[in-house]
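Welcome, and thanks for taking a look with me.

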Amino acid sequence: QAEHQMKTVNQEHMQGGRAVQVQLRKQYVIHSVGVPCLQAKTDLLPGMTDHTWLFAERAGTYRGKCVE
């Protein structure tokens with residue numbers, strides 16, 4: 001189990017110039033989430049775990065949202 005695990009999150013605080021791997025899991029419905037300003041989008045299927053990488057050139061707070 002990861003040391004820093006979150007149940008839900010709609011924003012990510014990131015350091016600049018460093019890639020971050022994000023683990024995503026959706027329990028009940030098909031869902032698409034993304035961080036538009038980082039040009040990132042992932043489709044989630046119920047009960048499946050997906051991984052994606054985020055990269056921000058500058059440090060900051062980046063908001064995720066439903067993208068479909």
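1. Leaving aside its neighbours within four places in sequence, which residues is F55 in contact with? Please keep in mind that this is a predicted model. The contacts of F55 are M14, G17, R18, A19 and L38.

2. Let's stay with F55 for a moment, a residue of strand β5. As for G17, 38 residues away along the chain, its C-alpha atom is separated from that of F55 by 7.0 Å.

3. The largest nonpolar core is made of 10 residues: M14, V22, L24, V35, L38, A40, L44, L54, A56 and Y62. At least two residues of this core come from each of β2 (18-25), β4 (40-44) and β5 (49-56). As a general point, nonpolar side chains tend to be buried together in soluble globular proteins.

4. Next, a sheet to trace. An open sheet is formed by 3 strands in the order β4-β3-β7, with antiparallel pairing. Its edge strands, β4 and β7 (65-66), each pair on one side only. Strand β3 (residues 31-35) is joined to β7 by 2 bridges, and G34 stands opposite K65 in β7.

5. Finally, have a look at Q39, in the loop between β3 and β4. Q39 is exposed because its relative accessible area is 76%, and exposed means over 50%.

Terms used: Residues numbered from 1 in each chain as written. Predicted model: local features only at pLDDT ≥ 70, side-chain atom pairs only at ≥ 80, totals over all residues. Heavy atoms only, no water. Core = buried A, V, L, I, M, F, W, Y, C linked by side-chain atoms within 4.5 Å. Buried < 20%, exposed > 50% of the residue type's maximum accessible area, 1.4 Å probe, protein only. Helix = DSSP H or I, 4+ residues; strand = E, 2+ residues; numbered from the N terminus. Pairing = 2+ DSSP bridges. Contact = heavy atoms within 4.5 Å.
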